[in-house]
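Welcome, and thanks for taking a look at this protein. Please open the sequence and the model side by side, and let this briefing guide you through them.

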Amino acid sequence: MFKNLLSISLVCLVLSQCSLAKNTEANNTSNLLSLLVAANSNPGCSISTTAAIPSNLSQVDSKPRTKYSISACDEAGFANLGLGQSEVSKGATGTSGTSVLFTTNDVMLATNKGGTAIEVSFIMNSASSTLDVIGYGTGSPLSGPTYRLIAGAQTQYKNAAGVFGNTGKGGSVSAPIPTVGTTHTFCLDFQSTMGGSRFLNGFNKPCSELTDTERGSMSYYPIMQMMNVPVYTGGNRLGFVLNGVTITSFTVGSIVSNTEM
């Protein structure tokens, strides 16, 4: 009997360890499922899934994307979606460089799967408005590779030295310039290639509206930064600095860029 009990105990221990490993691997998925269950009573403050955007790159997973609708969120609503905030009012409006919104869980996708695309819909509320989109972030305040969208000016990025400078663009397109009082939707890649390079590639339209030509040629990238991009190893949270900006929604998914070096 003792041998039988010992065998049963060993089997249970093995199964328990396998279960723990599986749970650790699927931690982000479980967090998301919990939030989906808890936060769908108000469509203006909810999490939902939206269609995947298939990729031509072999390492990229074409999985459904996660959309955060936040136009009707108050402080409790943000918390229900797994979001923290400081100086952000209902409807996700910020007034200064200290107005921040961020995920409290890891939401950025694995770099060995190509990285993460963030689609964000926003309104610049004044001529001095800026919106920082921080990916692979860590710390408090959140810090990491950053796009800076600017009212009336070319998009910038924060380089490896922490200094902001203008991004480039492909030769066949113009640099997008956000205007005040207009709702814009930008699709922003934080790309990590098989060779270990990091690219910031952005488009001034929803990710799902991009054509194969736009996705498949760097000549058609209106926002493009291929050098001096900070590492993506600091963390896996996403954040925004809403300096005179309103965000109505953002979506997390696999990269849309179909090129790499």
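Strand 8 and strand 15 run antiparallel and are joined by six bridges; strands here are DSSP runs of E with at least two residues, helices are runs of H or I with at least four, and both are numbered from the N terminus. Two strands count as paired if DSSP finds at least two bridges between them. What you see is a predicted model, in which local features need pLDDT of at least 70 and side-chain atom pairs count only at pLDDT 80 or more, while totals for chains, interfaces and linings use all residues. Residues are numbered from 1 along each chain as its sequence is written, and side-chain values use heavy atoms, with hydrogens and water left out.

**Confidence and overall make-up**

- The protein chain has an average pLDDT of 88, and 84% of its residues score at least 70; pLDDT is the predictor's confidence in each residue, on a scale from 0 to 100.
- Residues 1–26 have a pLDDT below 50, and this stretch makes zero contacts in the model beyond near neighbours in sequence; a contact means heavy atoms within 4.5 Å.
- Where pLDDT is low, the predicted coordinates should not be read in detail.
- The chain contains four helices and 16 strands.
- Of the 261 residues in the protein chain, 46% are buried; buried means under 20% relative accessible area, exposed means over 50%, and partly exposed lies in between, using a 1.4 Å probe and protein chains only.
- Among contacts with a separation of 6 or more, 65% are between residues 24 or more positions apart.

- In strand 15, G239 stands opposite I134.
- Strand 9 pairs with strand 8 in the antiparallel sense over five bridges, and D132 faces R148 of strand 9.
- Strand 8 is mostly covered, with eight of its eight residues buried.

**Strand 7 and its partners**

- Strand 7 is largely enclosed by the rest of the structure, because nine of its 10 residues are buried.
- Nine bridges link strand 7 with strand 12 in the antiparallel sense, and A117 stands opposite D189 of strand 12.
- Strand 7 also runs antiparallel to strand 16, to which eight bridges join it; here M124 stands opposite V245.

**Nonpolar cores**

- The largest nonpolar core has 38 residues, of which I70, L131, V133, F240 and I247 touch the most other members; such a core is a set of buried Ala, Val, Leu, Ile, Met, Phe, Trp, Tyr and Cys residues joined through side-chain atoms within 4.5 Å.
- Elements giving two or more residues to this core include strand 7 (115–124), strand 8 (130–137), strand 15 (237–243) and strand 16 (245–253).
- Another core, of eight residues, lies apart from it, with I53, L210, Y221 and V256 among them.
- Setting aside neighbours within four places in sequence, V133 contacts residues including I118, V120, Y147, L188, F190 and F240.

**Disulfides**

- How many disulfides does the structure hold? There are two, where a disulfide is a pair of cysteine sulfur atoms within 2.5 Å.
- C45 and C73 form a disulfide with their sulfur atoms 2.1 Å apart.
- C45 is in the loop between helix 2 (27–38) and strand 1 (46–50), and C73 is in the loop between strand 2 (65–69) and helix 3 (75–80), so this pair ties together parts 28 residues apart in sequence.
- C45 counts as buried at 7% relative accessibility, and C73 is buried too, at 0%.
- C187 is joined to C207 by a disulfide, with an S to S distance of 2.1 Å.
- C187 lies in strand 12 (residues 183–192) and C207 in the loop between strand 13 (198–203) and helix 4 (212–216), so the pair links parts that are 20 residues apart in sequence.
- The torsion about the S-S bond of C187 and C207 is about 100°, so this disulfide is right-handed.
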